[in-house]
Amino acid sequence: MKKNIVRVEPIGKSTNRRRFLKLGGLGVVGAGLLVACSDDDNGMGMMPDPDPEPDPDPDPDKIFDLGEGDLGVLNYAYALEQLEADFYTKVVNSFYGNISDEERQVLTDLYYHEVNHRDFFKAAITAAVDGNTDLVLPTLEFDYGNLDFGNREQVLTTASVLEDTGVAAYNGAGRLIADPNYLLIAGKIVSVEARHASAIRTLLNPGSADFAGDDYVTASNGLSAALDPSAILAAVGDTGFITTKFTANNLP
Amino acid sequence: MNIIKFLDGFTNESLLNKKASRRDMFGSLGSMGKKAALAAIPFGMAAMPKRTFAQESGNDPVSALQLALTLEYLEDEFYDLALQSGVLPSGRPETVYMQISKHEQAHVDFLISGLEGAGVTPVEKPTFDFTAGGAFDPFNEYGVGQETAYAQLLALAQAFEDTGVRAYKGQAGNLLGSDFLTAALQIHAVEAMHASEVRRLRGLKGWITNNERGDGMPEATQAVYNGEENVTQGGVDVTTLGSDAAFSMEASTEAYDEPLSGDDAVAIASLFIVE
């Protein structure tokens, strides 16, 4: 995946434990080993080829591209929701020790919401492409490396990064959507992600202004982050959480 | 532009035009006991727009931004007065209100400069009445007592933030293709971060279950939550996607925030606008 554009990384433990979506490095967009299928898209956004040529030699290793236009954005959102849903599934299946009732409730709700979002996107995209599953992002696989799900700080910090990233992703994707119905759905979901982000931030630093902290909301204009898919996917790629390769060669 | 004129334009047939101007309406309420009458009027019912929201003046990006500015004026002044009132306990409540206040002020400034940059005269700041004609006393100006005032301060903040989230969302379609869409989304998410924190400060979940306004919220605020019980997203009833708790009514309504029409947002805000 595209690397070194944005890194999402917890920054140490400053006194208020702020976490940053740290912008750093320069992007070399589109370079790298996954560029080979850049033209292997589906044509016109949400208009799948009505009579697609059957692939004469289906390649099981073919790398999926999210597509372009609204379909690309929907698949992109589906990828992010798959990650969140998978993460919280692991969280709720082995809660860290001595978890408080409040934290258990919040994390369980987030699990429900993200699973709901994930399955919604699968259904919505499948319907939008008339059941042509070649155009629907496959079920992704995940690997959290040495992330310790028994460690409260690691779980909540990762949750916080995922929620913050989700908000920035939807904020940045809105302008890429052509169909107002899809824009509305993105709006319905992004505010829930923002509610999550706020709650997790407060769990990490109770009583603080971090729920909409200066690390995330620009103080001078009161705007939260908005990032393009390339930046988001580079950051997500850097976590190594998603092990299934896919490309976003038709999204900015 | 005068705020009432703008609101008139926004809702066209509106709250306020024809023979029943806003002033007249409040006048007649006054004659029958303004305080009692307004106390009984739910949010959003002060003026019931009967029409559907589809007219020439309200569906364009400028109208969307003017509505946003109106709501930001309201929030900005509310938090300023709250911080000055002496009602807020120090510690978390004050910290939270200060952070939100900073953002609302920034949103006002941002929207004004955005409108001016586009060659549009921003709506003027209305005169607000956060007692809604005497129904509330959130700043303890009339002696309701610190404890009750604080409860109202939190309840109004929750209502304003949840309204803001819904109102911005309702305008997204009007900003489609506009340079302002991304910025509006960036503000929208901040309102949702505020809403979550205020709700949690009140002991609620940060997200809205069904159309529940939540414990301790005055019945008058129900208009802020009506419609949140929707479970059909893009033609899909999300409760049918699975059988476990992730697809319950509760989770399925919490997972999606619903939009508010311009009319409904104006009607809610109007309860606190004198002129």
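**View 1. Helices H4(B) and H9(B) make a left-handed crossing.** A crossing is left-handed if the near helix is turned anticlockwise from the far one by less than a right angle, right-handed if clockwise. This is a predicted model: local features need pLDDT of at least 70, side-chain atom pairs count only at pLDDT 80 or more, and totals for chains, interfaces and linings use all residues. Residues are numbered from 1 along each chain as its sequence is written, chains are lettered from A in the order in which they are written, and side-chain values use heavy atoms, without hydrogens and water. H4 spans residues 61-84 of chain B and H9 residues 262-270 of chain B; their axes come within 11 Å and cross at roughly 25°. That makes H4(B) roughly parallel to H9(B) (under 35 degrees; over 145 is roughly antiparallel, 65 to 115 roughly perpendicular, the rest oblique). Axes are lines fitted to C-alpha atoms, for helices over the stretch in contact, with angles from 0 to 180 degrees between N-to-C directions. Helices (H or I, at least four residues) and strands (E, at least two) are DSSP runs, numbered from the N terminus.

**View 2. Leucines of H4(B) meet H9(B).** Leu67(B), Leu71(B) and Leu74(B) of H4(B) contact Gly262(B), Ala265(B), Val266(B) and Ala269(B) of H9(B) (heavy atoms within 4.5 Å). The contact has six nonpolar, one polar and no charged residues. Ala, Val, Leu, Ile, Met, Phe, Trp, Tyr, Cys and Pro count as nonpolar, Asp, Glu, Lys and Arg as charged, and the others, Gly among them, as polar.

**View 3. H2(A) packs against H3(A).** H2 (residues 101-128) and H3 (residues 152-173) of chain A pack at about 40°, with axes 13 Å apart. That makes H2(A) oblique to H3(A). Their crossing is left-handed. Glu103(A), Leu107(A), Leu110(A), Glu114(A) and Phe121(A) in H2(A) meet Arg152(A), Leu156(A), Glu163(A) and Tyr170(A) in H3(A). By class, five residues are nonpolar, none polar and four charged.

**View 4. Chain A meets chain B.** The contact takes 56 residues from chain A and 55 from chain B. The chains bury about 4400 Å² between them, 65% of it on carbon and sulfur atoms (accessible area, 1.4 Å probe, that two parts lose on being put together, summed over both). Lys188(A), Arg195(A) and Phe211(A) supply 18% of the area that chain A buries against chain B, more than any other three residues.

**View 5. Six salt bridges link chain A and chain B.** A salt bridge is a side-chain nitrogen of Lys or Arg within 4 Å of a carboxyl oxygen of Asp or Glu. Arg195(A) pairs with Asp257(B), the closest N and O atoms being 2.8 Å apart. Asp109(A) and Lys205(B) meet at 3.0 Å, N to O. Asp109(A) lies in helix H2 of chain A and Lys205(B) in the loop between helix H7 (181-201) and strand S1 (232-233) of chain B, so the pair joins two chains.
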